[in-house]
Amino acid sequence: MSLQLYNTLTRSKERFEPIDPTNVRMYACGPTVYSFIHIGNGRMLVVFDLLFRVLRRTYGTGHVTYARNITDVDDKINARAAEEGVSIAEVTERTTQQFHADAAGLVCLPPTIEPRATGHIEEMKALCETLVSKGHAYVADGHVLFDVPSMRDYGRLSNRSVEEMEAGARVDVAPYKRSPMDFVLWKPSKPGVPAWPSPCGIAEAGRPGWHIECSAMAGKHLGKVFDIHGGGIDLVFPHHENELAQSRCAHGTHVMANVWMHNGFLEAAEGEKMSKSLGNFITVRELLDQTPGEAGRLALLSSHYRQPLPWSERLVQDSRRTLDLWYELAADADDDGEIAPDVLEALEDDLNTPKAIAALHALRAEAAKGNATAKASLKASAQFMGFLQSSFDEWRAWRPAGVAIDEAAVHALIIARLQARKRKDFKESDRIRDELAAMGIQLKDAKNKDTGEIETTWEVKR
RNA sequence: GGCCACGUGGCGGAGUGGUUACGCAGCGGAUUGCAAAUCCGUGGACAUCGGUUCGAACCCGGUCGUGGCCUCCA
């Protein structure tokens, strides 16, 4: 089976045909760096990371270009810097580093290119000039505005007409706009916020509007038309709609990207969207403090990427336990296993991760019965999806942040308990077990297959 | 108000015209000094009302419910 992807533009699943198989190009809208990313952002990272992996496997590691931008010019960043009394650069630098740590924690490969908005101001200005010269933008009151009525099929991606949008508009229309839906490409700066010399003959300094940076970066690094553009479903309108409008009108192309992919939301509770604006979010940092990153990744992939995902502590715990089982089985697996066809087939069907995970469960069951091929395949398949990245010992040694345990003392108690058990002093061995339990330590006894001896491992109670 | 999703067993979650995935929990068993962990087995569902069909959870229509976008948002 070949790769099928659901395309928001056509509202259907389509067979994926790259423009150039030797250079498959994908763009995903990365974060605006003003604070910790939350797990909804994490979902987007994980979903497009998985797609990146699938593409690399199909077309070759060196034949896929994944650009994921960092937006480091934004009013929220300015506000945050002012609030903390630090420089804007400090906020963006610190947040970017944190973002990288979070992405790595969720086992996301670094993208091929990670462009930053501040590094593409000239390209943005050039886009403004081009759009004005082509009659798709105009200058008014120190702003450069995109002229929405100048684009015939504006609204195609989000499937809405300009008339509908104008009718439903809930925002006051700025007086300098010719048409209510026109949006800002460039705007004047106020004192104390970043400013650059403006394009299009505007005398005063200014800064870019929200959407232009992605058009500039995607155009520069991936070309006028590329294969896949992705992001969260909330970006469909207005961000992607406006982004593709700018790019297409500037470049004179029929599409900006052939395939547009959007992941669904995380739900905090009761079907409620999780978002920064609602304040009901969990940061990736908090998640990674409480659970291994792979467990978070598995939880984020536990439902299909276009479906809403109800987030819960239980989901995370279940995911972690599933990984416990995979790790334990894969610990002595061969390294030359094949990725299971069932797993690949599921992933190629518009990233059907629940089905792929089910296939991993089936391999686990086979492997548990002693099937070495299944065991090796489980390992290879799980690793392909970004799991089983460390050794079983490393996995077991994971501890939640802020939990201090005297490992030597625990070890000594375990030895004492085993000795008590050997002399059948069960009262004493149970007492030690209770003592450890009171310390938050959960014991696991297992019989060594070769020696027949009881061996005890432990972990922090969950 | 406009546009768009979605309603599957206790929970999570695939599927999509005809063998009712899968995971967790539950239950039964194996194992254990007793537990935990592990292993094996197992019951249980397709919001509702109509229609199409030999046959519908799956297609069509109505109803009810939930959510999203239209404003910063993954």
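**Exercise 1: charges over rings**

The charged end of Arg178 sits over the ring of Tyr138, at 3.9 Å from the ring centre. This is a predicted model, in which local features need pLDDT of at least 70 and side-chain atom pairs count only at pLDDT 80 or more, while totals for chains, interfaces and linings use all residues. Residues are numbered from 1 along each chain as its sequence is written, chains are lettered from A and ligands numbered from 1 in the order in which they are written, and side-chain values use heavy atoms, leaving out hydrogens and water.

Task: state how far Arg306 lies from the ring centre of Tyr305.

Solution: A charge sits over a ring if NZ of Lys or CZ of Arg is within 6 Å of the ring centre and within 35 degrees of the ring normal. Arg306 lies over the face of Tyr305, at 5.9 Å from the ring centre.

**Exercise 2: a ring pair**

Task: classify the aromatic pair of Phe146 and Phe183.

Solution: Rings of Phe, Tyr and Trp (its six-membered ring) pair if their centres lie within 6.5 Å, and planes under 30 degrees apart count as stacked, over 60 as edge-to-face and the rest as tilted. By this rule there are six aromatic pairs. One of them, Phe146 with Phe183, is stacked, at 5.0 Å centre to centre and 20° between the planes.

Next, consider burial, where buried means under 20% relative accessible area, exposed over 50%, and partly exposed in between (1.4 Å probe, protein chains only). Phe146 is buried at 0%, and Phe183 is buried at 7%.
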